[in-house]
Amino acid sequence: MAIEKVREYFREQGMEERVQELDVSSATVELAAAALHCEPQRIAKTLSFMVDGHAVLVVAAGDARVDNSKYKARFGAKAKMLSPEEVETLVGHAVGGVCPFAVNEGVEVYLDISLKRFDTVFPACGSSNSAIELTISELEEHSSYTGWVDVCKGY
């Protein structure tokens, strides 16, 4: 199960105790915010795209939406979300628990600037009822991100 891969990753970092497994679903921004008692915008949602034949993840604030023109300018292609089956196969996590930790080899991770306005955010941890609270610098460190992008709007 994907949460076990994420737990193992954070165990190796000495941070496993910070992974939260919830009694309720956190599969959407709204459900995660309610379960974690935080503002929806602080949920760090991980969006999965296909770019030039490989999976790309964009981690964005819960209130941000992909801006198609910004996305196309950055990645050189129209934003094409992965299907749920593709997400699990290519990324290694199922929809509802997609996160930038312990992903399959070759997956590129980008952090959207919509996250920079927060001290801490809550990304999922590989299941539809998990999360971890991280500072932005911890998110950078543990996501193995490729870089920061500005591909969202509405926040």
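In what order do the six strands of the open sheet stand, and with what pairing? In this predicted model, the order is β8-β6-β2-β3-β5-β9, and the pairing is mixed. The edges of the sheet are formed by β8 (134-135) and β9; each has a single partner strand, so one side of each is left without a neighbour in the sheet.

Strands β8 and β6 run antiparallel and are joined by two bridges. Within this pair, V121 stands opposite L134 of β8, and T120 has T135 of β8 as its bridge partner. Strand β6 pairs in turn with β2, in the parallel sense and again over two bridges. Here A44 stands opposite P123 of β6. Eight bridges link β2 to β3 in the antiparallel sense, with K45 placed opposite A60 of β3. The hairpin of β2 and β3 has two residues between the strands, and D52 in this hairpin takes a positive phi near 50 degrees. Beyond β3, the pairing returns to the parallel sense, with four bridges joining β3 to β5. The bridge partner of V59 in β5 is L111.

Burial was examined for individual strands. In a regular strand the side chains alternate between the two faces of the sheet. In β6, T120 and F122 point one way, V121 and P123 point the other way, and all are buried. Strand β3 is mostly covered, with seven of its eight residues buried.

Helix α3, residues 68-75, lies across β2, β3 (54-61), β5 (108-112) and β9, and runs at about 55 degrees to β2. Helix α4, residues 84-91, lies across β2 and β3, and its angle to β2 is about 90 degrees.

Why does S48 count as buried? Its relative accessible area is 5%, and a residue is called buried because its value is under 20%. With neighbours within four places in sequence left aside, the contacts of S48 are V56, L57, K80, M81, L82, V87, V91 and V98.

The space left open by the protein was examined next. Rolling a probe the size of a water molecule over the atoms shows where empty space is left. The largest pocket holds about 370 Å³ of space. Its lining consists of 24 residues, and those nearest the centre of the pocket are A27, K45, T46, G96 and V98. Two or more lining residues are given by each of α2 (29-36), β2, β6 (120-123) and β7 (130-131). Strand β2 provides the largest share of the lining, namely six residues. By residue class, the lining of the largest pocket divides into 16 nonpolar, seven polar and one charged.

H37 lies in the loop between α2 and β2. Although H37 is not a glycine, its phi is positive, at about 55 degrees. The relative accessible area of H37 is 73%, and H37 is exposed. S144 lies in the loop between α5 (136-143) and β9 (147-149). S144 is likewise a residue other than glycine with a positive phi, near 50 degrees. Is S144 buried or exposed? At 58% relative accessibility, S144 counts as exposed, because the class begins over 50%. S144 and E85 are 59 residues apart along the chain, and their C-alpha atoms are separated by 23 Å.

Conventions: Residues are numbered from 1 along each chain as its sequence is written. This is a predicted model: local features need pLDDT of at least 70, side-chain atom pairs count only at pLDDT 80 or more; totals for chains, interfaces and linings use all residues. Side-chain values use heavy atoms; hydrogens and water are left out. Buried means under 20% relative accessible area, exposed over 50%, partly exposed in between (1.4 Å probe, protein chains only). Contact means heavy atoms within 4.5 Å. On a 1 Å grid over the protein atoms alone, a cavity is a set of points where a 1.4 Å probe fits but cannot get out, and a pocket is an open set with protein on both sides within 12 Å along at least five of seven lines; lining residues have an atom within 4 Å of a point. Grid points are joined across faces, edges and corners, and a volume is the space filled by probe spheres set on the points. Ala, Val, Leu, Ile, Met, Phe, Trp, Tyr, Cys and Pro count as nonpolar, Asp, Glu, Lys and Arg as charged, and the others, Gly among them, as polar. Two strands pair if DSSP finds at least two bridges between them. Axes are lines fitted to C-alpha atoms, for helices over the stretch in contact, and angles run from 0 to 180 degrees between N-to-C directions.
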